[in-house]
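This briefing covers the nonpolar cores and the pockets of one protein model. Please examine the sequence and structure below before reading the points that follow.

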Amino acid sequence: MSGFASLRLTLSAAFLGALLYSPLAAAQSAAAPAQSVVTLGPSGLPLPRFVSLKSGRVNSRVGPGANYSVDWMYMKAGLPMEIIQEFDTWRRVRDADGSEGWINQSLLSGRRTAIVAPWQRGKGAEVNLLNSPEKDARVVAMVEPGVMGTIKSCDGQWCEMTFDGHTGWLAQSLVWGAYPGERVKD
């Protein structure tokens with residue numbers, strides 16, 4: 001790197017540091033109310049966000065277009081997906097197992113579903129579906145980790161969900177399909 005480029009880089013870093021760490025900037029940031037930063041994608045919707053699959057046969061591709069090869073095929077309608085990136089009409093999604101790929105937006109729905117504690121799958125544990133959003137509430141049903149259900153609502157701590165005709169409440173921390181603290185209305 002030339003001496004001039006090195007000097008310019010050093011001065012730029014010093015200026016940026018002085019700007020970021022000035023007493024005025026510190027006072028303004030201390031006075032500003034705490035706000036969560038929401039990143040909006042090109043669609044104007046937040047990223048990341050949860051959606052579900054519309055169809056029972058959906059191709060996940062290695063890139064954002066029909067010319068890219070199919071990496072995975074999902075065979076379950078309603079499966080929750082997390083959109084992590086957008087490009088034109090394509091959405092880069094992540095499933096509950098962490099696999100990522102590109103799916104056309106026409107195959108995704110805003111209908112919210114969730115999977116119960118997929119990280120506990122195969123460990124013999126069961127999760128209590130409760131009749132009210134309280135840890136001491138009556139048990140309506142026992143749900144195995146990895147089971148998919150429909151979210152009716154989430155209040156930030158509890159989600160009301162339906163599984164094969166059984167409706168009840170689960171701690172929001174036990175579902176993959178709603179973010180911690182997120183409020184969801186059906």
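A pocket is defined on a 1 Å grid over the protein atoms alone as an open set of points where a 1.4 Å probe fits, with protein on both sides within 12 Å along at least five of seven lines; its lining residues have an atom within 4 Å of a point. The model is predicted, with local features needing pLDDT of at least 70 and side-chain atom pairs pLDDT 80 or more, whereas totals for linings use all residues. Residues are numbered from 1 along each chain, and side-chain values use heavy atoms, without hydrogens and water.

**Pockets**
- The second largest pocket has 15 lining residues, with V147, M148, T162, F163 and D164 nearest its centre.
- Its volume is about 200 Å³, taken as the space filled by probe spheres set on the grid points.
- The largest pocket holds about 280 Å³ of space, and L45, P46, R49, F50 and V51 are the lining residues nearest its centre.
- Strand β3 (49–53; strands are DSSP E runs of at least two residues) supplies the largest share of that lining, 3 residues.

**Nonpolar cores**
- A nonpolar core joins buried Ala, Val, Leu, Ile, Met, Phe, Trp, Tyr and Cys residues through side-chain atoms within 4.5 Å, buried being under 20% relative accessible area with a 1.4 Å probe, protein chains only.
- The largest core comprises 16 residues, and V116, I151, M161, F163, L170 and V175 have the most contacts inside it.
- Strand β14 gives the most to this core, 3 residues.
- Another core, of 12 residues, lies apart from it and includes L47, L53, I103 and I115.

How values were computed: Buried < 20%, exposed > 50% of the residue type's maximum accessible area, 1.4 Å probe, protein only. Helix = DSSP H or I, 4+ residues; strand = E, 2+ residues; numbered from the N terminus.
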